[in-house]
There are 2 protein chains.
Amino acid sequence: MAAEQELFIKMVIDAWEKYVKRTDHIFNSLSDEDILKEIAPGKNRAVYLLGHLTAINDELCPLLGLGEAAYPQLRPLFLTSPDKPGTALPSIAELRQFWVASNSRLMEGFNRMEPYEWFERHSAVSEEAFAKEPHRNKLNVLISRTNHVSYHEGQLILIHPSSN
Amino acid sequence: MAAEQELFIKMVIDAWEKYVKRTDHIFNSLSDEDILKEIAPGKNRAVYLLGHLTAINDELCPLLGLGEAAYPQLRPLFLTSPDKPGTALPSIAELRQFWVASNSRLMEGFNRMEPYEWFERHSAVSEEAFAKEPHRNKLNVLISRTNHVSYHEGQLILIHPSSN
């Protein structure tokens, strides 16, 4: 059982790492000027997605039991509000730094977790619900968040200098 | 071990189903006129993504041991070539039908598979490579293809009538 679990955890964490790296690569290839561009006319700017993905990363910490959110100030700006170009945001340099730090923090947290912990309920599901639906565990949250990263990667690629 | 395996498999198939349904919902909400629109200026048209996702679904069948590809004619149009508005494509009605049929075929195939089959190597990895990298199994392919669906869902939502 332990070997099976470890294999499965590796598959899920590897996928997370792969899609985060691809997205990080796009952010790194965008200049501070590019990052203020909309991904399509009238849609979110890349800077919003940078803050949004960082805020989602940050919320993953308490959800997975890895500690408190480090950037609660991002929540009202990038999770509960849509992109509004007039809003005062943290600087792009700061947002880039938070993004990188939030990814490192998550990977360090994942590496510290024991295999069995991944199969525990995440903090947003009750014990009663979890007893009936044991797939609502921490690993499942990571599968879902990986798809969320991919979703926005597909948008960010649209303003990547060499995309088609 | 069997219960653990079944839980993993359920998590991965549920995620696949969820993101395919979301994407299907967008295609259904797009009129035949909408579907000819580009997701962003100068980028792929939605019709290309419809054919592309169907062609990827179709290739999943042999990869997972579920039978031959049913629409090999889609490959040169939607996998090995970029979107070129001058190219003659199957009709939108046909493409919509292939998309729906390819999703049903996959779900039926997944339901027929025995749990252990998901942990076997997929047909594009050699026995030697698989001995060293047992995570390169069929379930891993599905994790990756689910992220692929999400990537394009993130693009299609940009031309969804009620997107932001």
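Chain B can be laid on chain A with an RMSD of 0.1 Å by a turn of 180° and a shift of 0.0 Å along the axis, where the copies are superposed by least squares on the C-alpha atoms of residues with pLDDT of at least 70 in both. That is the relation of a two-fold axis, and the C-alpha of chain B nearest this axis belongs to Tyr151(B), at 2.1 Å from it. The model is predicted, with local features requiring pLDDT of at least 70 and side-chain atom pairs counting only at pLDDT 80 or more, while totals for chains, interfaces and linings use all residues. Residues are numbered from 1 along each chain as its sequence is written, chains are lettered from A and ligands numbered from 1 in the order in which they are written, and side-chain values use heavy atoms, with hydrogens and water left out.

**Interface of chain B and chain A**

- The same surface serves both copies, since 100% of the contact residues of chain B recur in chain A, contact meaning heavy atoms within 4.5 Å.
- On each side the number of residues is given separately: 37 residues of chain B are in contact with 37 residues of chain A.
- About 3,100 Å² is buried between chain B and chain A, with carbon and sulfur atoms giving 66% of that area; buried area is the accessible area (1.4 Å probe) that two parts lose on being put together, summed over both.
- Met11(B), Asn147(B) and Tyr151(B) supply 21% of the area that chain B buries against chain A, which is more than any other three residues.
- The count of salt bridges between chain B and chain A is zero, whereas seven residue pairs, both at pLDDT 80 or more, are in polar contact across this interface.
- A polar contact is a pair of N or O atoms within 3.5 Å; within protein, one must be able to donate a hydrogen and the other to accept it, and residues adjacent in sequence count only if both atoms are side-chain atoms.
- The elements giving two or more residues to the side of chain B that touches chain A are α1 and α7 (138–156) of chain B, and the largest share of that side, twelve residues, comes from α1(B); helices (H or I, at least four residues) and strands (E, at least two) are DSSP runs, numbered from the N terminus.

**Aromatic pairs**

- Over all chains the structure holds 13 aromatic pairs, a pair being rings of Phe, Tyr and Trp (its six-membered ring) with centres within 6.5 Å, and planes under 30 degrees apart counting as stacked, over 60 as edge-to-face and the rest as tilted.
- The pair of Tyr71(A) and Phe98(A) is stacked, because the ring centres are 4.3 Å apart and the planes stand at 20°.
- Tyr71(A) lies in the loop between α2 (46–64) and α3 (74–78) of chain A and Phe98(A) in helix α4 (residues 92–112) of chain A, so the pair ties together parts that are 27 residues apart in sequence.
- Both Tyr71(A) and Phe98(A) are buried, the classes being buried under 20% relative accessible area, exposed over 50% and partly exposed in between (1.4 Å probe, protein chains only).
- In chain B, the rings of Phe27(B) and Trp99(B) have centres 5.4 Å apart and planes at 75°, so this pair is edge-to-face.
- Phe27(B) in helix α1 (residues 2–29) and Trp99(B) in helix α4 (residues 92–112) of chain B are 72 residues apart, so that the pair links distant parts of the chain, and both residues are buried.
- Phe8(A), Phe119(A), Phe8(B) and Phe119(B) are linked into a cluster by ring pairs.

**Salt bridges**

- The structure holds 18 salt bridges over all chains, each a side-chain nitrogen of Lys or Arg within 4 Å of a carboxyl oxygen of Asp or Glu.
- Lys37(A) forms a salt bridge with Asp34(A), the closest N and O atoms being 3.1 Å apart; Lys37(A) is partly exposed at 41% relative accessible area, whereas Asp34(A) is buried at 15%.
- Lys138(A) and Glu120(A) meet in a salt bridge of 3.4 Å, N to O, with Lys138(A) buried at 8% relative accessibility and Glu120(A) partly exposed at 31%.- Lys10(B) and Asp14(B) meet in a salt bridge of 3.0 Å, N to O, and both lie in helix α1 of chain B, four residues apart, about one turn of the helix.
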